[in-house]
Each structure stands twice: as C-alpha cells, then as structure tokens.
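Thanks for making time this morning.

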Amino acid sequence: MEGEELRAVVQRVSRARVTVGDQVVGQIEVGLAVLLGVEQADQPGDAKYLAEKVAGLRIFDDQQGRMNLSVEDVGGSVLAVSQFTLLGDVRRGKRPSFTGAMEPQSANRLYQHFCDCVRQRNLNVQQGVFQADMQVELINNGPVTILLDSKKLF
C-alpha cells in the first residue's frame, strides 16, 4: 500500500449538516462527520478498509463514560463530505499544493464507494455534493476528532 493515502478526519458529533446554496443536502443527529480526501494512487480497497474502520471506531461513551462504543453500537449516522484540501502539501512555501489529489471523476467514484461501503454496515449515510461549494456545520461532541490515513492503517 506504499504511496496510497486515503485520508479522513472523523469527528464525533451531536449533529451535523451540509448546505449547498440555500439547500440542506445532508444532515445527521448523533454520529460521525467524515471529511474524506482521495489521493492519486488510492484504490477501492483503501475506501473499503477506511469505511470499515470508520464504522467500527469505538469513540462513543459506554455506560461507564469510557470510549468503548462504535457509531453502529449507538445507532448513529455518518455524514460524509469529500474534501480534497486534506491532501494539501505545504512543505514548500505557504500555498498548498494539491498535486497528490486524485482527478475529480475518479475521486468521486472512490468517495461514492466509501459511502456505499459504510451503508453496507447498515448505517444511515448522508453526503455532501462532490465538488460543490459547501457549508459544513457541526457540533463536535467531546470534542473528539480522529485522523485516519489508509497508508498508516494497513
């Protein structure tokens, strides 16, 4: 898996929504907001693996107040938003380079595949609109934020 790097920022939320223009296009209550960046070398296996990792992340509190439950366990939902800026490289200069991001058509296919894989876990998945100018609002519960990188997970 060297060189492949599907990236996700996962936030435990009490609610989240995505708006395009004046229209709410995706909205959840308790669950996970997932910002997803797709790199050039990513494959469907990366998306599937990351979807399984997201669905099974034990970052919700159990009865003892310990992070021991997954979004599946608490009956939560997932709001998935494609965000190529997660792949911004600022090692040289101050303006991010996005040369590592996958071209849009293929990236959208992997983003959709990720969402489908999460749905296969019987989770409600809401989505943003690929390549749209979106407004993302969320209440981060905790706050709890986890960074996932498929290259570091395998």
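When I say salt bridge, I mean a side-chain nitrogen of Lys or Arg within 4 Å of a carboxyl oxygen of Asp or Glu. Please keep in mind that this is a predicted model, in which local features need pLDDT of at least 70 and side-chain atom pairs count only at pLDDT 80 or more, while totals for chains, interfaces and linings use all residues. Residues are numbered from 1 along each chain as its sequence is written, and side-chain values use heavy atoms, with hydrogens and water left out.

A search of the whole structure gives six salt bridges, and I will take three of them in turn. Asp89 pairs with Arg91, with 2.6 Å between the closest N and O atoms. For accessibility, I call a residue buried under 20% relative accessible area, exposed over 50%, and partly exposed in between, using a 1.4 Å probe and protein chains only. On that scale Asp89 is partly exposed at 27%, whereas Arg91, at 73%, is exposed.

The second salt bridge joins the side chains of Asp61 and Arg12, at 3.5 Å from N to O. This pair links distant parts of the chain, since Asp61 sits in strand β4 (residues 60-61) and Arg12 in strand β1 (residues 7-20), 49 residues apart; helices (H or I, at least four residues) and strands (E, at least two) are DSSP runs, numbered from the N terminus. Arg12 is buried, with a relative accessible area of 7%, while Asp61 is partly exposed at 40%.

In the third, Arg119 and Asp116 meet at 3.3 Å, N to O, and both belong to helix α2 (residues 104-119), where they are three residues apart, about one turn of the helix.

Now to the strand. Why is β6 (residues 77-82) described as largely enclosed by the rest of the structure? The reason is that six of its six residues are buried. In a regular strand the side chains alternate between the two faces of the sheet. Here both faces are covered, with Ser77, Leu79 and Val81 buried on one side and Val78, Ala80 and Ser82 buried on the other.

As for its neighbours, strands count as paired if DSSP finds at least two bridges between them. Strand β3 (residues 31-37) pairs with β6 in the parallel sense over six bridges, and four bridges join β6 to strand β7 (residues 124-127), again parallel. The chain passes from β6 through α2 to β7 in a right-handed β-α-β crossover, meaning that, with the strands pointing away from the viewer, the path from the first strand over the helix to the second runs clockwise.
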